[in-house]
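Take a look at the structure below. This report covers charged pairs, helix packing and a surface patch.

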Amino acid sequence: MEAVEDIVIVGAGIAGLTTALGLHRLGIRSLVLESFDGLRTTGFAFTTWTNAWRALDAVGIGESLRPRHNQLFGVQTVSTISRISTAERQFNATGKRLSICPKPNQTGPIRYSSKVVSIEESSHLKLVHLADGSILKAKVLIGCDRVNSAVAKWLGFRKPAFVGRSAIRGCVYYDHGHSFEPKLLQFFGEGVRFGFIPCDDKTIYWFFTFSSSSKNGEMEDSPDKMKQFVLGKLGEIPDNVRAIIQKTELDNFTLSPLRFRPPWEILRGNISKNNVCVAGDAFHPMTPDLGQGGCPALEDGIVLARCLGKALRDNQSIKSEEEYKRIEMGLQRYAKERRWRAFELISTAYMVGYIQQSNGKVLTFLRDRVLASFLAGKLLKMASFDCGKLSAS
């Protein structure tokens, strides 16, 4: 059975739902495909930087979300070698779990248990084959299907590359509250990077990155080994900070390799092709060293909805050759607008992580004595981006 849809968005994550909501605000219907059987809350925390709030404001949900988020007021970095604070910056950001789960009538339909297995061309249409055997004819196909994206593969992108580093993450709950200030605190030294963010008065999210080795396989299915590994690598840190790891329940430990899309692939690759494009992690997977998380995915959704809106808003029915060309040009505008932003984010995140996690004597000295303030400033610079308004006028 083949059904025809004007706009098909693959993936009901941050990028997919933001794009669908943006299109809905512009009066344009879309169908969102989600491989799981429902919307999920995953991960531990999402730091909502200024660039993310601008995107959330653009789709009209920023004000309703702000009261549910705690505000952070600064970032501080500390060397575990010298035990001194190497940099401190003040800023305004929020840190807490973020859920973008609008009702279906706010985004258009969401079709669950719809895993994309292959994509074919049929004139101006794309045939989207699903795991259940059904086929959708898409007039516009948008891939927001995470890191291992079927749409990105169709566009010619390779699988994201392993960077030689891994991350252990966790979340800890204090029944009677904790005493930490509302700021991001990071520790560097001996080839590791550790930090934490208070999500609220009782919850703390923490992360620990390190250069991967054969020990990864031993730890992968053993949260207890992860915990002991982290505690053994923390170096000289205050007892109340060490207690964050000690207090974390074993069920709250996760280990994952860090991957990214090499920046030169962003410059040379097909972000869009004809009536197909990618957004979010399907487009620009990156290392977590800027703390941007899903913020760029929100930006993608606004820009993509705006560019498609310019092509479709006056005539929602996609019938003519002229309109197909407008769609193609709209997606090309999106790709042009997002290419250098994605390149800068990926490159900067990789550079920051490489320097912060360095174990070499020269680079460690430069990081602690010269570059610490510069690296902290990079977080703020990347967060100051403005994706613009949603209006397609």
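A search of the whole structure turns up 19 salt bridges. Keep in mind that this is a predicted model. One of the bridges joins D6 and K139. Their closest N and O atoms lie 3.5 Å apart. The partners come from distant parts of the chain, 133 residues apart. D6 belongs to strand β1 (residues 2–10). K139 belongs to strand β9 (residues 135–143).

**Helices around α10**

Next comes helix α10, which spans residues 295–312.

| Helix pair | Axes come within | Crossing angle | Hand of crossing |
|---|---|---|---|
| α10 and α11 (residues 321–356) | 8 Å | roughly 155° | right-handed |
| α2 (residues 50–58) and α10 | 8 Å | roughly 35° | left-handed |
| α1 (residues 14–25) and α10 | 8 Å | roughly 35° | right-handed |

Start with α10 and α11. Their axes cross at roughly 155°. That angle makes α10 roughly antiparallel to α11, because angles over 145 degrees count as roughly antiparallel. Which residues of α10 and α11 make the contact? On the α10 side, they include P296, E299, D300, V303 and L304. R306, C307, L308, K310, A311 and L312 of α10 also take part. The α11 side brings E323, R326, I327, G330, L331 and R333. Y334, E337, R338, R341 and L345 of α11 join them.

Now turn to α2. Its crossing with α10 is left-handed. N51, A52, A55, L56 and A58 are the α2 residues in this contact. They meet C295, L298, E299 and I302 of α10.

Helix α1 also packs against α10. Here the crossing is right-handed. From α1 come I14, A15, T18, T19, G22 and L23. Their partners in α10 are A297, L298, G301, I302, L304, A305 and L308.

**A patch on the surface**

Which residues form a nonpolar patch on the surface? They are V362, F365, L366 and V370. Together they have about 390 Å² of accessible area. F365 sits in helix α12, which covers residues 361–383.

Technical notes. Residues are numbered from 1 along each chain as its sequence is written. This is a predicted model: local features need pLDDT of at least 70, side-chain atom pairs count only at pLDDT 80 or more; totals for chains, interfaces and linings use all residues. Side-chain values use heavy atoms; hydrogens and water are left out. Patches are made of residues with over 30% relative accessible area and no salt bridge: like charges are joined within 9 Å, nonpolar side chains (Val, Leu, Ile, Met, Phe, Trp, Tyr) within 5 Å. Accessible areas come from the Shrake-Rupley method with a 1.4 Å probe; for residues, only the protein chains shown count as cover. A salt bridge is a side-chain nitrogen of Lys or Arg within 4 Å of a carboxyl oxygen of Asp or Glu. Helices (H or I, at least four residues) and strands (E, at least two) are DSSP runs, numbered from the N terminus. Axes are lines fitted to C-alpha atoms, for helices over the stretch in contact, and angles run from 0 to 180 degrees between N-to-C directions. Angles under 35 degrees count as roughly parallel, over 145 as roughly antiparallel, 65 to 115 as roughly perpendicular and the rest as oblique. A crossing is left-handed if the near helix is turned anticlockwise from the far one by less than a right angle, and right-handed if clockwise. Contact means heavy atoms within 4.5 Å.
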